Amino acid sequence: MTQLNEVSLPTYRGRYYPRSRADLVQRVAKQVSPKRFEHILRVEEMALRLAKQWGVDLEQASVAALTHDYAKEQSTQKFLDFIDAKQLDPNLKAWNSAIWHGIVGAEIVADELDIQNQPILDAIRQHTTGAPYMTTLSQILYMADYVEMGRDFPGVDEARALAFEDLRASVGWQTRHTLAFLVANGKPVYPLTILTYNEWSVEK
Ligand SMILES: [Fe+2]
Ligand SMILES: [Fe+2]
């Protein structure tokens, strides 16, 4: 099966992160619970397989995957401080870490991990909400987070297979299902998610 692409871990050449992969892994592990760390490693594995499938640089995919949830367990105060310091949309303050860890998390990653590659930072920003325009790297991270091998929800096998067959369609699939879940459960929908849905999930 295509999703069983064998991919070995890339050796970093300093193009996206100034030190080694092992160094990055160690720094990420210090910021998150063991359970989340395992998820992050599985996202990296899936992102590498998808990167191989869709012709994206493996080192870039690895850095994006390893850092995508770096900020997930940071304090509310820290997120609020970053929203002010980086002059992000003040409306963000009404949300929570589920939204902040991507959009604000990218700023934290840039500052604390010395990662300046904009496609990586955008992929981190967009990994929870999606966005109307996403690079292939952003699409890969969005999907790898959703279908990593530890995920278990109705339809996960279909979504995983689709990510290898038609990446764009799989982004639409995830967005449609996430939006349906949020609405069915009376949860708030971040406005950007609706823009993502209109771009990626609506038949044109
Ligand atoms: Fe996340
Ligand atoms: Fe994640």
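Predicted model: local features only at pLDDT ≥ 70, side-chain atom pairs only at ≥ 80, totals over all residues.
Okay, I'll start with one residue: D122 has 29% relative accessibility, so it counts as partly exposed. For the cut-offs, buried is under 20% relative accessible area, exposed is over 50%, and partly exposed is in between, using a 1.4 Å probe and protein chains only.

Residues are numbered from 1 along each chain as its sequence is written, chains are lettered from A and ligands numbered from 1 in the order in which they are written, and side-chain values use heavy atoms, with hydrogens and water left out.

Back to D122, then. Which residue does D122 pair with in a salt bridge? That's R125, with the closest N and O atoms 2.7 Å apart. By salt bridge I mean a side-chain nitrogen of Lys or Arg within 4 Å of a carboxyl oxygen of Asp or Glu. Helices here are DSSP runs of H or I with at least four residues, strands are E runs of at least two, and both are numbered from the N terminus. R125 is partly exposed too, with a relative accessible area of 23%.

There are 15 salt bridges in the structure, and I'll pick out a few. R160 and D157 pair up at 3.2 Å, N to O. They are three residues apart in helix α9, residues 156-165, again about one turn of the helix.

Next is R168 with E199, a salt bridge at 3.7 Å, N to O. R168 belongs to helix α10 (residues 167-184) and E199 to helix α11 (residues 191-200), so this pair ties together parts that are 31 residues apart in sequence. Both come out partly exposed, R168 with 40% and E199 with 30%. There's also a network of salt bridges linking R15, D57 and E59.

Now the metals. The iron ion (ligand 1) has D69 (OD), H101 (NE2) and H127 (NE2) as its protein donors, lying 2.1 Å from it. A donor is an N, O or S atom within 2.8 Å of the metal (3.2 Å for Na, K and Ca), and water is not among the atoms, so sites may look incomplete. What does D69 bridge? The iron ion (ligand 1) and the iron ion (ligand 2), which lie 3.4 Å apart. D69 is in the loop between α3 (58-67) and α4 (76-85), and H127 is in the loop between α7 and α8 (136-147), so that pair ties together parts 58 residues apart in sequence. D69 and H127 are buried.

H68 and D145 are both buried.

On to packing. α8 and α10 pack at about 50°, with their axes 10 Å apart. Axes are lines fitted to C-alpha atoms, for helices over the stretch in contact, and angles run from 0 to 180 degrees between N-to-C directions. The two helices are therefore oblique to each other: under 35 degrees would be roughly parallel, over 145 roughly antiparallel, 65 to 115 roughly perpendicular, and the rest is oblique. In α10, there's L167, buried at 5% relative accessibility. Its C-alpha atom is 8.4 Å from that of T136, 31 residues apart along the chain.

Last, some backbone. Q87 isn't a glycine but has a positive phi of about 50°; Q87 lies in the loop between α4 and α5 (97-103) and is exposed at 74%. D114 has a phi near 60°, in the loop between α6 (105-113) and α7, and is partly exposed at 42%.
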